Amino acid sequence: MTGYFGRFTVRAAAFSAVLAMSAGAALAGEAVSADQILNALKPKSATRGLSVGAQAAPPVDAAAQAKQSAFLDSMRNRKTRSLSLGERAQIAELAATKPKIDLEIQFDYNSAEISKTSMPAVQELGKALSDPTLKGSTFVVAGHTDGIGGDSFNQDLSERRADTIKRYLVEKFALAGPDLVTVGYGKSKLKDAANPADPLNRRVQVVNMDTKTAAAK
């Protein structure tokens, strides 16, 4: 693909850097509240320095922002299976600088069924995404598997896991389906690469793709 997004060469190392979770990431086994999720996903505020006052937000490239928005619009209501490798890479590139959180929503082995222990986290996610301050935002819901099994099987499984979360949020919290863009990364993004079979690798990550910046306080 040419133009703004250029040609994307998919490298495992690049994917690791792009989708690495920020300070909003939840630790294994840690209960995460809707407020914590909300705070992690809110657009970032301009910060105030100790001696130079409020820091200005980076200038907005209107043309670039319009192209990003057009790309995201083309992803809305798309099936995860219809996304090309290049499109998944583009989503990852755009997600790199966006507010994000790793909830470690886990799934049963070889299944797209949410584990019972992770259901509270999904419910807290639904509460957070229902908050009026996030209204109008587009969210990427990225599915991941553990490292056991073939690439094709795990790619399909990760897509089904992302779709499971989207379906739950739409059905239980009445969130707008087009605002949730699902994508699968298979086993390419292991959270614990040293232990490919670890359940922590079977997870979903959420990214707020909104480009607005919160006002400084």
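A residue counts as buried under 20% relative accessible area, exposed over 50%, and partly exposed in between. The views below show a predicted model.

**View 1. Proline 120 in helix 5.** Proline 120 is found in helix 5. The relative accessible area of proline 120 is 44%, so this residue is partly exposed. Alanine 31 is 89 residues away from proline 120 in sequence, yet the two C-alpha atoms are 8.5 Å apart in space.

**View 2. The largest nonpolar core.** The largest nonpolar core has 27 residues, and those that touch the most other members are Ile105, Leu125, Leu129 and Ile165. Two or more residues of this core come from each of helix 2 (34-41), helix 5 (119-129), strand 2 (139-143), helix 6 (151-173) and strand 4 (204-208).

**View 3. Leucine 129 and its contacts.** Leaving aside residues up to four places away in sequence, leucine 129 touches Leu41, Leu134, Phe139, Leu169, Leu175 and Leu180. A second, separate core of 15 residues has Phe71, Ile91, Ala92 and Val183 among its members.

**View 4. Helix 3 against helix 4.** Two packed helices are described by the angle and the distance between their axes. The axes of helix 3 (residues 62-75) and helix 4 (residues 85-95) come within 12 Å and cross at roughly 130°. Helix 3 is therefore oblique to helix 4. The crossing of helix 3 past helix 4 is left-handed.

**View 5. Residues between helix 3 and helix 4.** Helix 3 contributes Gln68, Phe71 and Met75 to the contact, while helix 4 contributes Glu87, Gln90, Ile91 and Leu94. By class, four residues in this contact are nonpolar, two are polar and one is charged.

How values were computed: Residues are numbered from 1 along each chain as its sequence is written. This is a predicted model: local features need pLDDT of at least 70, side-chain atom pairs count only at pLDDT 80 or more; totals for chains, interfaces and linings use all residues. Side-chain values use heavy atoms; hydrogens and water are left out. A nonpolar core is a set of buried Ala, Val, Leu, Ile, Met, Phe, Trp, Tyr and Cys residues joined through side-chain atoms within 4.5 Å. Buried means under 20% relative accessible area, exposed over 50%, partly exposed in between (1.4 Å probe, protein chains only). Helices (H or I, at least four residues) and strands (E, at least two) are DSSP runs, numbered from the N terminus. Contact means heavy atoms within 4.5 Å. Axes are lines fitted to C-alpha atoms, for helices over the stretch in contact, and angles run from 0 to 180 degrees between N-to-C directions. Angles under 35 degrees count as roughly parallel, over 145 as roughly antiparallel, 65 to 115 as roughly perpendicular and the rest as oblique. A crossing is left-handed if the near helix is turned anticlockwise from the far one by less than a right angle, and right-handed if clockwise. Ala, Val, Leu, Ile, Met, Phe, Trp, Tyr, Cys and Pro count as nonpolar, Asp, Glu, Lys and Arg as charged, and the others, Gly among them, as polar.
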